[in-house]
Amino acid sequence: MPYVMPSHPAPPGAPPPRAGRGGRWSRGARRLAAVLALITGAALAGPGTAGAAPAGPPVAEARTAAALERVTAFGANPGNLNMYVHRPPALPANAPVVVALHGCTQSAQVYSDNSGLDTFADRHGFLVVYAETTTANNANKCFNWFQPGDTRRGQGEAASIRQMVAHAATAYGTDVDQVHVTGLSAGGAMTSVMLAAFPEVFAAGAVVAGIPYGCGVDVVSAYRCMSPGTDRTPAAWARAVRDAHPGFTGPWPRVAIWHGDNDPTVVPRNADELRDQWTAVHGLGQSPDRTSTVGPNSTRRSEYLSAGGGTVVEVNRVPGIAHGTPVDPGDGGEQCGATGTQHFIDSICSSYWITRFFGLDGGTAEPPVDPPTEPTACWTADNYEHVRAGRATTTGGYVYAKGSGQHLGLYNTSVTHTLKESPAGHYVLADGTCP
């Protein structure tokens, strides 16, 4: 399909955004509907792909979901958000906190019912704070991750979420030094906001199918961030984070990145840009110090280590899934979640590994590490698709493999190559040689 950019920011008939908030192109009508949903509220239903639940009524689950506790007065609320908590039956004193941010069309209760976070809160004794946006903020209940009035320190939705953390400390006796944040899609992008705007508040964060901080500042730029993605240097990405809280010198939050390989809504190159952003913030290079595979589906993990040997940034590339939170329903120790609604995809229990990354599971064991001959992944596609998926970049009408910088030819759909990924995030030309 040809690369086309219409002059108008959004198609006719798209639901209007919140006042003063307003679109971007797409490769097709179905994909545009998915993109619009993350921003303005058309309908969060990406193209039908393996692992994604079809649109329609939620599937009935065999279990009974526990209702969340509504907190109606938590202090200043300039972002007009709702606060809910999941409190384990025996919450210890000075318990850690995980702030959870839902995706578009979702609610706090839906995220609680399906993400699996509550399973580990009960098992390990931490409080989950669910922030919830409203249709008054965004027609499709998306966090406004791209609006400056909601993403700056002390303003809008970001300020409301910060106030929820402060309230949790006074009302539930939680530990202010053990606060973490995670979220899906628009909630993942808002996770990036919270880590950048309030780095002194959050020890760590996990961005699921999200976007780097500072990528979108209005609807038009937000579309570009989502697809085909925005390529900036690590230094430029890091500058955006540092500018969110001038004068802050650290320690910076640790960051885990989760992204499906087949995500058409927030394309996988966003995982690379997030990695570039946070490794640069931590003063690290973009080549991983350690690679491994985890979970039942061999999710590919890349870790970036501090001088002390601890993982400060990790990237988890989930094979074969589209746009959503990876879950693995069941009663096993590494299983969690449910697929009772859209965008919770049967794959790997990401909440298990996120809890572990946050250091809330009480364990100290390192994840299994593959030998140097770790299996590689191969991708055959046209140059346009390689760029869209984040395996290559484009400059001056030409395409270059991400990592190796090898020249792939013109930026169009008539040039096809095979790229080999090894290690994760580093691509080399492998026409005719990839198994």
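How many of the 6 residues of strand E4 are buried? Let's start there, but a quick word on the model.

What you see is a predicted model, in which local features need pLDDT of at least 70, side-chain atom pairs count only at pLDDT 80 or more, and totals for chains, interfaces and linings use all residues. Residues are numbered from 1 along each chain as its sequence is written, and side-chain values use heavy atoms, with hydrogens and water left out.

Back to E4, residues 127–132: 6 of the 6 are buried, so the strand is largely enclosed by the rest of the structure. Buried here means under 20% relative accessible area, with a 1.4 Å probe and protein chains only. Strands are DSSP runs of E of at least two residues, and helices are runs of H or I of at least four, numbered from the N terminus. Leu 127, Val 129 and Ala 131 cover one face of E4, while Val 128, Tyr 130 and Glu 132 are buried on the other.

Who are its partners? Two strands pair if DSSP finds at least two bridges between them. E2 (residues 82–86) pairs with E4 in the antiparallel sense over 5 bridges, and Tyr 84 has Tyr 130 as its bridge partner. E3 (residues 97–101) pairs with E4 in the parallel sense, also over 5 bridges, and there Leu 101 stands opposite Ala 131.

Asp 276 sits in helix H9 and has a relative accessible area of 5%. Leaving aside residues up to four places away in sequence, Asp 276 touches Arg 232, Pro 234, Trp 237, Gln 286 and Lys 402, a contact being heavy atoms within 4.5 Å.

Helix H9 (269–281) turns up again: H9 and strand E7 (254–260) each supply at least two residues of the lining of the largest cavity. A cavity is a set of points, on a 1 Å grid over the protein atoms alone, where a 1.4 Å probe fits but cannot get out, and lining residues have an atom within 4 Å of a point. Of the 13 residues lining the largest one, Asp 261, Pro 268, Arg 317, Ala 389 and Tyr 427 lie nearest its centre.

Finally, an open sheet of 3 strands has the order E14-E15-E16, with antiparallel pairing. E14 (392–395) and E16 (407–410) stand at the edges with a single partner strand each, so one side of each is left without a neighbour in the sheet. Between E15 (residues 398–401) and E16 there are 3 bridges, and Tyr 398 stands opposite Leu 410.

Thanks, everyone!

Note on methods. 1 Å grid on protein atoms, 1.4 Å probe; cavity = no way out; pocket = protein on both sides within 12 Å on 5 of 7 lines; lining within 4 Å. Buried < 20%, exposed > 50% of the residue type's maximum accessible area, 1.4 Å probe, protein only.
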